[in-house]
Amino acid sequence: MHLEPTPGSILTLLKLKPDKSPGPDNIHPMFLRETAYNIALPLTLIYRKSLDEGVLPKEWKCANITPIHKKGLQSEAENYRPISLTSAVCKVLETIIKKQMTTYLDSEGIITNYQHGFVRGRSCRTNLLQVFEDWTSNLDEGYGVDVIYLDYKKAFDTVPHKRLVN
């Protein structure tokens, strides 16, 4: 079996931001970017083995957690949000998989126009604009509109980290 890196995997490596920090594996994104043409094939072999066996290397599951100040007093812990620095090698695999899945879902018409999250060119803002348009149209046609809008933003700040780790 002859295996070659896809142009997409090389392009993904070349698009890595060199100023980003490395994860716990200490493989710097700048190294991956600068060696993209040479490292793409070995990474392809590692990715293929991982996908075939259904196992991620344990190093790819680890993260360095760093607190970033959000707002308010810097002396209060609740004014920080955690960011996770994970393996750049694993992020490259995630990007390749996401692109393949998105391409497939788009080509098969599986993603509807109602999907705004995790879709290029769509966001919370486009979702809100669409729903306001729907509400306005319904009101203009004489229909009633009942709305319950939930904001889950704080829910993610309140989940105990120990539970997430488990």
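Me: Helices are DSSP runs of H or I with at least four residues, numbered from the N terminus. With that in mind, what is the place of Tyr 149?

Reply: Since this is a predicted model, read the assignment as a property of that model. Tyr 149 is placed in the loop between H5 and helix H6, the latter covering 153-158.

Me: Is Tyr 149 buried or exposed?

Reply: The general idea is a pair of cut-offs, in which a residue is buried under 20% relative accessible area, exposed over 50%, and partly exposed in between. Tyr 149 is exposed because its relative accessible area is 52%.

Me: Which residues make a nonpolar surface patch with Tyr 149?

Reply: For nonpolar side chains, the joining distance is within 5 Å, and each member needs over 30% relative accessible area. Here the nonpolar patch comprises Leu 128, Phe 132, Val 147 and Tyr 149, and its area is about 370 Å².

Me: How should I read the charged patches, and which residues form the negative one?

Reply: Like charges are joined within 9 Å. In this structure Glu 133, Asp 134, Asp 140 and Glu 141 form a negative surface patch; of these, Asp 134 sits in helix H5 and is classed as partly exposed because its relative accessible area is 31%.

Me: Which residues form the positive patch?

Reply: That patch is built from Lys 15, Lys 98, Lys 99 and Arg 120. Arg 120 belongs to the loop between helix H4 (88-107) and helix H5 (124-140), and it counts as exposed because its relative accessible area reaches 83%.

Me: Turning to the serines, is Ser 50 buried or exposed, and which residues does it touch?

Reply: Ser 50, which lies in helix H3 (residues 36-53), is buried because its relative accessible area is 8%. When residues up to four places away in sequence are left out, Ser 50 touches Val 55, Leu 56, Pro 57 and Trp 60.

Me: Where is Ser 21 found, and how many residues separate Ser 21 and Val 92 in sequence?

Reply: Ser 21 is found in the loop that runs between helix H1 (7-14) and helix H2 (29-34), and it counts as partly exposed because its relative accessibility is 42%. Ser 21 and Val 92 are 71 residues apart in sequence, and their C-alpha atoms are 14 Å apart in space. A contact, by contrast, requires heavy atoms within 4.5 Å; on that criterion Ser 21 touches Pro 29 and Leu 85, again not counting residues up to four places away in sequence.

Key: Residues are numbered from 1 along each chain as its sequence is written. This is a predicted model: local features need pLDDT of at least 70, side-chain atom pairs count only at pLDDT 80 or more; totals for chains, interfaces and linings use all residues. Side-chain values use heavy atoms; hydrogens and water are left out. Accessible areas come from the Shrake-Rupley method with a 1.4 Å probe; for residues, only the protein chains shown count as cover. A salt bridge is a side-chain nitrogen of Lys or Arg within 4 Å of a carboxyl oxygen of Asp or Glu. Lys and Arg count as positive and Asp and Glu as negative; His and the chain ends are not counted. The place of a charge is taken as NZ of Lys, CZ of Arg, CG of Asp or CD of Glu. Helices (H or I, at least four residues) and strands (E, at least two) are DSSP runs, numbered from the N terminus. Buried means under 20% relative accessible area, exposed over 50%, partly exposed in between (1.4 Å probe, protein chains only).
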